Amino acid sequence: MAAHPPTLSPVEGADSGFNPEFNPEFNPEFSATGSNGHADADTASPVDGGAPAPVVHPPDPAKQQDPQDTKVQQQVHDVLYSDIGVNTLLNRLKASITSARDFASFLKRRGAMEEEHANSLKKLSRLTLDNVKKADARHESYQHQFEQVLYANDRIADNGTQFGLALHAMHENLQQLAAKMDASRKTWKQQGLAAEKKVQDAEALVEKAKAKYDQLAEDLDRVKTGDTGAGRKFGLKGPKSAAQHEEDLNRKVHAADQDYASKVQTAQAYRKELIATMRPQAVTALVNLIKEIDAALTMEMQKFSSFNEKLVVNNGQVVIPQVLGGSIAQAPPSMNQMIYMINNDKDFNDYILKHTSKIPSVRSELQYIKHPTLASSPAQPTPPPATSTGRRTSMQMQASQPQSSFNAYSQSEPSQSQQQYPVPSQSESTQPLNFQKFNTGYQQQQQLHQPQPSAYQAASVYSPVVQNPYSQPEYPRGAAGQAQAQQTSGIAYNTASAPVNPVFGVRLDELFRRDGSPVPMVVYQCIQAIDIFGLEVEGIYRIPGTASHIQSMKALFDSDANHVDFRNPEAFQHDVNSVAGLLKQFFRELPDPLLTREFYQKFIDAARIDDDTMRRDSMHALINALPDPNYATLRALALHLNRVQQSSDVNRMSNANLGICWAPSIMGPHKGSNMADAGLQARVIITILDNVLQIFDED
């Protein structure tokens, strides 16, 4: 394949932007003449550096159409200079302004779409170019030719950007012209219609004076002919005689005649002035405005058409460059030719040859040599038998524990099943705890004055943020599944042994120091169970659970919380309300409430603030001042209760209901005999739940 590198270069700056006339700055190899062999300066695009807009040469009217018929011209003249002429022109000018604004809106949207497309294309090209240059991408001729294709796409994006800017400039021009025409229309509407109305009012007065004059003349005629019913015959001093009545009518007719003649003369003067001066001025001005805006709109549409053609031609020049103006210079390769310049075979060979120096030296033949210490297979380590602690440990968890006396002790015992250990008897479970007997070897590795953690805590500290690494078996339903869940957890529900690692009734900071998790395991497991199984349970946290179930689960957590997994509903006997009751009981039994006694009165005082924003900010500051375990636990609980109220249309538990249910558990019993504190406690919790996403970040 040919290896001629393309001459297209990446676009830098505005020199190779939208170039509708194909001038030599677009590509050094292009000719300086236009497509017809001559430089064309008359049609330079306004897109490039403020160059003049394309000159639109209107067609010769004599060649475009025949002279208009004189009769049509006369009819147009008659309409324009009639009483409806000004109003007709005002409506026509309004239509032209509306059309100009519609086209301006189209240009704005089209320009925005073009710029958005160009920006997306440029961003995509440059992102792809960065990926192509990475070390793990394919190089050789593929990289070189693909870079040239991306540069071509970058130039197409620049053409689109300049085209969009040109459309925005046209939009601004049309908007300014439409605003100017609208102001002129209002001016001539006021002047022209005022003059027309002045004449119409004068003529209306003439008609009124004429009607009065005609009525009086008819009354006088009837009096003269002897009609006794004509006119009014009664005056202030009594009935009038016929002579008096006729004289009175003569006087009135004379006055009405003078008034009628005066109003006719005034109306004639107004109309003469209107026809001679005001109407021609208004008509001429409105006709000029209409022609101006129509011509401007037509010119902008022609520019739009011209820019579209030039955009397509420029993009075509990028995809398939052509030699213009009879130039003898060789045209750069097209985009298709660039792709065909990729030599897959050569690229493959070059890549493989680069690794020649990495060929390893020839190794001797490998042989199997057994280690002397493994000549005889030792017995497999087995877990220890049940001790006085009354606990069972699964093999999965033992595998993750560090080496201790537990493992060493198990090697000396007979081999047992590696899946589970036997449940200790009642007599064994009631024996006092003896950690030294259980983990003597491990204690030798620690300082004698430090408290000894449990076997599972020595292996790893469970954090609610980290996903549970242990696999969860599928349990069957019913009593068999419950029994299997008890065996897997290592604790029987009805055990009577004393708590090994008590969770209930222990301060949060002590749980944090002991277990290493800022959110206690019982809180995490209960929240997880309700999130999975209880969000759509009606009355969750309001309807109490079964007391025996709650006590059984409490014994599980007090024995070893790290072995409880509520993702299996068998572990809580499919009783999610008991899980909710267990969670509330944990917070009720805290020696120091979740919001602490220290901050109790401050929260109550903040709840008394009527302004919602100030009350929220005050409580936010108090929450930020809580100890770390209290803050982390409150955050987990609040976000969970927010998820509960999001399903309130199903579970009927709004923030108000949750606040009433949870206030005593989170804040503790109200102090003294002031029952108002109970309502303020609920208001504290409701405020936290209403603003949970502003107070806590949800991640």
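Select residues 521-533 for helix H16 and residues 576-588 for helix H18, which pack at an angle of about 150° with their axes 9 Å apart. Helices here are DSSP runs of H or I with at least four residues, strands are runs of E with at least two, and both are numbered from the N terminus. The axes are lines fitted to C-alpha atoms, for helices over the stretch in contact, and the angles run from 0 to 180 degrees between N-to-C directions. H16 and H18 are therefore roughly antiparallel to each other (over 145 degrees; under 35 counts as roughly parallel, 65 to 115 as roughly perpendicular and the rest as oblique).

Display next the side chains of this contact (heavy atoms within 4.5 Å): on H16 they include Val 522, Cys 526, Ile 530 and Phe 533, and on H18 they include Val 576, Leu 583, Phe 586 and Phe 587. The contact of H16 with H18 comprises 14 nonpolar residues, with no polar and no charged ones (Ala, Val, Leu, Ile, Met, Phe, Trp, Tyr, Cys and Pro count as nonpolar, Asp, Glu, Lys and Arg as charged, and the others, Gly among them, as polar).

A word on the model: it is predicted, with local features needing pLDDT of at least 70 and side-chain atom pairs counted only at pLDDT 80 or more, while totals for chains, interfaces and linings use all residues. Residues are numbered from 1 along each chain as its sequence is written, and side-chain values use heavy atoms, with hydrogens and water left out.

Move on to helix H15 (residues 508-515) and helix H21 (residues 628-646), whose axes are 8 Å apart at an angle of about 95°; H15 and H21 are therefore roughly perpendicular to each other. Leu 508, Asp 509 and Phe 512 of H15 meet Pro 629, Asn 630 and Thr 633 of H21, a contact with three nonpolar, two polar and one charged residues.

Now centre on Leu 508 in helix H15, which is buried, with a relative accessible area of 5% (buried is under 20%, exposed over 50%, partly exposed in between, with a 1.4 Å probe and protein chains only). Leaving aside residues up to four places away in sequence, Leu 508 touches, among others, Pro 520, Phe 586, Leu 590 and Leu 594. The C-alpha atom of Leu 508 is separated by 8.8 Å from that of Pro 591, 83 residues apart along the chain.

Finally, select Gln 143 in helix H4 (residues 140-224), which counts as buried at 16% relative accessibility.
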